[in-house]
Amino acid sequence: MKKVIIFFIGMLSLAACKKDISSLNTDTKKPTVVPAGPLFAFASKAYVDAMTSASVNVNVFRFTVSHWAMTTYQDEARYDFTTRTIPQIWYRTMARDVLKNLTNSAEIVTADPLLSAGVKANQLAILDIMKVAAFSTLVNTFGNVPYTEALDANNLFPKYDDAKTISLDLIKRLNDDITKLNVASAGFSANEDIINKGSVAKWIAFANTLRMQQGLILADVDVATAKAAVEASDAGAISSAANNSILNYLPGAPSQNPLFVDIVTGGRGDYVIAEDLMKKLLALSDPRLPQFAAKNAVGVYVGGVVGGGNTLTTVSEPAPKVYAADAPSVVMDYVETEFYRAEAVERGFAVAGSAETHYNNAITASILFWGGTAEEAAAYLAQPAVAYATATGTWKEKIGTQKWIALYSRPFNGWTEMRRLDFPKITAPVSAISAFPTRFTYPSDEQQYNGTNYSAAAAAIGGDKSTTKLFWDKF
C-alpha cells in the first residue's frame with residue numbers, strides 16, 4: 001500500500017508541473033525557410049549531375065549513342081530502359097529535383113522586398129532559363145509532357161501538353177528572359193551560381209545558345225520559328241571558350257563528379273569505350289583519343305561491342321581524366337555553339353561566317369578543351385576525311401559525325417543531335433530489344449496514377465513506344 005501511495009504522489013507532482021516541453025519536438029537543424037540561392041544551387045547541381053552521370057539507373061545515353069559499352073550487364077546497352085525504371089528516375093529528377101526547386105527559388109526571389117529591381121529581374125530570368133533547359137530535356141526525352149499544370153502541387157493529375165506547343169513557348173520564354181538580363185546589376189552570388197559563378201554576361205550567352213539550340217530542334221518542322229530564333233541569338237551566343245558554362249566539380253565528397261562516384265566510389269569496372277567511337281578515333285588519328293580512352297592490358301586501343309560480352313583486359317576503359325573526381329562538366333559551350341552556327345549557315349539562315357569556319361572552330365575548340373594543341377587541331381582538320389570541303393557526305397553527315405565525337409561526355413545532347421541530323425550511323429547493339437530508341441516510354445507511375453492523361457498523351461504522339469519519333473524527328 002505504501003508503494004501505491006508513493007506512485008500517486010509522483011503522478012500528482014508531474015501533473016502539477018507547468019513546464020512547456022513542446023519545444024523538444026522542434027528540429028533545430030532544419031530551417032523553416034530555405035533561401036533562394038541554395039535552392040538554385042541544388043537544382044543546378046541536380047540537373048548537371050543527371051546529365052553527367054553514367055549510372056545505369058539514371059543516364060544510359062553513353063550506350064545509346066555508342067560511346068561506351070559494358071563488359072557485364074547488357075540490359076541498358078540493349079535498349080532495355082524499363083527494368084530499372086530509368087524513365088521514371090529521369091522524369092522525377094527533372095520534375096522534382098530541378099524544376100520544383102527552381103520554382104520554389106523563384107517564389108522566394110519574387111517575395112523578397114530587400115532585393116533591388118535589377119538583381120531580382122536577373123535572378124528570375126536566370127531561374128527561368130534553367131527551367132527552360134529542364135523542360136526542354138523532358139520534352140525531347142518523352143514528347144508530350146505535363147507543362148502548364150506540371151508545377152501545381154495541388155494538381156495530382158496534370159494534363160499533358162502538346163510537345164510542339166511547349167517547344168514554341170520555351171523559345172518565347174527565352175526571348176523574354178534575354179531582354180530582362182542586364183549586366184549592370186548582379187545576379188546570384190558565385191557560391192549560389194555554380195554554373196556561371198555569378199556572371200550575368202555568361203547567362204546572356206548561355207541563354208542565346210540555348211535559344212539557338214531550341215530553334216534548330218524545330219528546323220525541320222517550323223523553318224520560320226527556327227530561323228528567327230537562330231538569327232536573334234547569333235550575335236549574343238557563346239563566342240569563345242571563355243564564355244563556356246561549366247560546373248567545376250571538387251576533389252572531395254559530396255561535390256565530386258558523378259562519373260567518379262559511379263566508377264571509383266561505386267567500384268564499377270565494367271564501362272569500356274564502344275567500338276564505333278574507337279574505330280572512328282583511330283581512323284582519323286584523333287588527338288582526343290588518349291584523353292577519351294585508356295589502352296588495354298597489352299597497350300593498344302580496342303573498342304568493345306555494345307550489347308556484347310567484352311573482356312575488360314582486352315578492351316579500352318575510359319581514360320582516368322574523364323572520371324576524375326574534379327573533372328569539369330560542360331553545360332553549354334563554344335564547341336556546341338559553333339556547330340549550331342555551321343548548321344544554320346547550311347540551312348540558309350543569316351548567321352555571320354561560313355559553315356566551314358564554324359565547323360573548324362568547333363573542332364579546334366573541342367581538341368583544345370580536352371588538352372590538345374592548336375597544331376594538333378590544324379593537322380586533324382587538314383585530313384581529307386575531316387576537312388569540310390572533302391569529308392564524306394552531306395553537311396548533316398559532316399557536322400553530325402564531328403559533333404558526335406565532340407559531345408563525348410555529353411551523351412544526352414549527343415542523342416538529340418543523332419536524332420536530328422541522323423548521323424553518324426552506328427552499329428546496332430547485340431541482341432537489341434528494339435530499333436534505335438527515339439524517346440523514352442512514359443514513367444510507369446504516370447501510367448498507374450495519372451492513367452487518363454497518360455493514355456491521351458500516348459495516343460496523341462502515336463503510341464508509347466521507345467521507337468515512336470518525336471514531332472521534330474522527321475527523317
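Predicted model: local features only at pLDDT ≥ 70, side-chain atom pairs only at ≥ 80, totals over all residues.
**View 1. Thr-467 and its surroundings.** Setting aside neighbours within four places in sequence, Thr-467 is in contact with Ser-434, Ala-435, Phe-436 and Thr-438, where contact means heavy atoms within 4.5 Å. Arg-439 is 28 residues from Thr-467 in sequence, yet their C-alpha atoms are 6.5 Å apart in space.

**View 2. Asn-101 in helix H4.** Helix H4 spans residues 86-111 and holds Asn-101. Asn-101 counts as buried, at 14% relative accessibility. Not counting residues up to four places away in sequence, Asn-101 touches Leu-39, Phe-42, Ala-43 and Arg-96.

**View 3. The largest nonpolar core.** Here is a set of 117 residues in which Tyr-47, Trp-68, Trp-90, Trp-203 and Tyr-359 touch the most other members. Helix H5 (residues 117-142) gives the most to this core, with 12 residues. Another core, of 10 residues, lies apart from it and includes Met-212, Ala-226, Val-230 and Ala-237. A nonpolar core is a set of buried Ala, Val, Leu, Ile, Met, Phe, Trp, Tyr and Cys residues joined through side-chain atoms within 4.5 Å.

**View 4. Helix H2 against H5.** H2 (residues 36-52) packs on H5 at an angle of about 30°, with the axes 11 Å apart; axes are lines fitted to C-alpha atoms, for helices over the stretch in contact, and angles run from 0 to 180 degrees between N-to-C directions. H2 and H5 are therefore roughly parallel to each other, since angles under 35 degrees count as roughly parallel, over 145 as roughly antiparallel, 65 to 115 as roughly perpendicular and the rest as oblique. On the H2 side, Phe-40, Ser-44, Tyr-47 and Met-51 meet residues of H5 that include Ile-126, Leu-127 and Met-130.

**View 5. Helix H7 against H12.** H7 (residues 200-217) and H12 (residues 334-346) pack at an angle of about 45°, and their axes are 10 Å apart. The two helices H7 and H12 are therefore oblique to each other. Thr-209, Met-212, Gln-213 and Leu-216 of H7 make the contact with Glu-336, Thr-337, Tyr-340, Arg-341 and Glu-343 of H12.

**View 6. Helix H12 against H13.** The axes of H12 and H13 (residues 355-369) come within 8 Å and cross at roughly 165°. That makes H12 roughly antiparallel to H13. Among the residues that meet here are Val-335, Phe-339 and Ala-342 in H12, and Tyr-359, Ala-362 and Ile-363 in H13.

Definitions and conventions
Residues numbered from 1 in each chain as written. Heavy atoms only, no water. Buried < 20%, exposed > 50% of the residue type's maximum accessible area, 1.4 Å probe, protein only. Helix = DSSP H or I, 4+ residues; strand = E, 2+ residues; numbered from the N terminus.
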